[in-house]
Amino acid sequence: VTRVRPINETERALGNDPCIVVEDSLVRVSSFRSSGVSSHHGADPHHPHLTQRTKEFPFFDSCVSADDNQDSAFEKFGVPELLDDALAGTNVTLFAYGQTGSGKTYTIHGIIPRSLQHLFERMSGDSLGAGLGGYGYGYDGCPPAYESTAPAAPAATDSIVCGASFCEIYNDSIYDLLFSSNRPLKLKWDAGEGFHTPDIHIQPCNTLQDALAVLDLGNKRRRQRSHCLNAESSRSHAILTIYLFDRDDRDDTGDRDDRGDRHRATTKSTKIHFVDLAGSERLKESGNATAACPLAIKETANINKSLFLLGNVISAIAANQPRHLIPYRDTKLTKMLFGSMMHPSKCLMIACCSPSEGAVTESLGTLDYANRLASADAIPVVHVEDRDAMLIASLKRENRVLKEEIRILRGGG
């Protein structure tokens, strides 16, 4: 899907008019350039002094224009349906991509609080229409102050337990945003979980306000820097993960195995990742090339490198290359997101674009990038834990017993 933000006054002051048109599932990019001729003549493609460059992207699932508000974007992107899939046991990832200043953070932080509200409404069965309390981009007012709700009755149902973690990838190192520590987290590989950070803090969330407090705390600690293209440019990739553990008590028969252990109910463990990617940028245009602090140059280099490598992974997935040929081990960002773009997961990419004619090259690159991801098919499966693990363990024990009996029989014969 794609979203085109409104043009701003700075872009207009530079003489850049809108060059992107959104029509249902179609995005049309048109640029008219000629020396000494205003782009206002672009309405007439036959003007003798203008050269028209037009490219259409007709295959997006949904397109959101500058006229759509946050609520409309949330619905048009199909986020409620994805969240319902997550509650049914399918891993889900939502991430925003685009040039710096294209509206990624505004978009993803409009989606997150609405997603959290949707999840807790589904889990509790009650409407939480006023539960956001004025939180987030697109709302009026300030984020709610954190107040522990542990003594109160959980908003979720008895069968669903909810938790949240929040981390950032800064200069290819992972940091826990829920703790003010300069020590990066270790990224480890596990055959069952894939790449994961075992030491990351998972905050239990009994209510919607608990989850919003996690989001608020992480956003305050995320690294930002001001430059020519964006007054509040994110200098890291941020990943908010919501964990859902759903135990179906109807399957709990109370039976015990041969060691006396009680069979537990089937448990579905689901993760929902909200990813706010830092924006791609050019040093010359952002002003970081002449910055007094060399750290700004290093940040830009790491951001662009990780996004380039993520593009390589997306291209390999879209080309249906074998898993061992996909270069997902080249950076921590691709290691963490690889499982989200492959089976067993559902992935929503929101391509964010500036409508400015001055950013047409970057917008075309963003839309081409999104088209590559649209070609990558993910096969969703439900994550069911414990029952399968117990069955395997039981079969292994039975296998050991049979082998011992055969050994004894052969010895006795």
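This is a predicted model: local features need pLDDT of at least 70, side-chain atom pairs count only at pLDDT 80 or more; totals for chains, interfaces and linings use all residues.
A charge counts as sitting over a ring if NZ of Lys or CZ of Arg is within 6 Å of the ring centre and within 35 degrees of the ring normal.

## Charges over rings

By that rule, the charged end of Arg223 sits over the ring of Tyr175, 4.6 Å from its centre.

Residues are numbered from 1 along each chain as its sequence is written, and side-chain values use heavy atoms, with hydrogens and water left out.

## The aromatic cluster

Rings of Phe, Tyr and Trp (its six-membered ring) pair if their centres lie within 6.5 Å; planes under 30 degrees apart are stacked, over 60 edge-to-face, and the rest tilted. Searching the whole structure turns up 3 aromatic pairs. Helices (H or I, at least four residues) and strands (E, at least two) are DSSP runs, numbered from the N terminus.

Tyr328 is buried at 8% relative accessibility; buried means under 20% relative accessible area, exposed over 50%, and partly exposed in between (1.4 Å probe, protein chains only). The rings of Tyr328 and Phe338 are stacked, because their centres are 3.9 Å apart and their planes at 5 degrees. Phe338 belongs to helix H8, 10 residues from Tyr328. Phe338 is buried too, at 3% relative accessibility, and so is Phe195, at 15%. Put together, ring pairs link Trp189, Phe195, Tyr328 and Phe338 into a cluster.

## Strand E6

Strand E6 (residues 91-97) is mostly covered, with 7 of its 7 residues buried. Asn91, Thr93, Phe95 and Tyr97 point one way, while Val92, Leu94 and Ala96 point the other way.

Which strand does E6 join through 7 bridges? That's E16 (residues 345-353), and the two run parallel. Strands pair if DSSP finds at least two bridges between them. Within this pairing, Val92 stands opposite Lys346 of E16.
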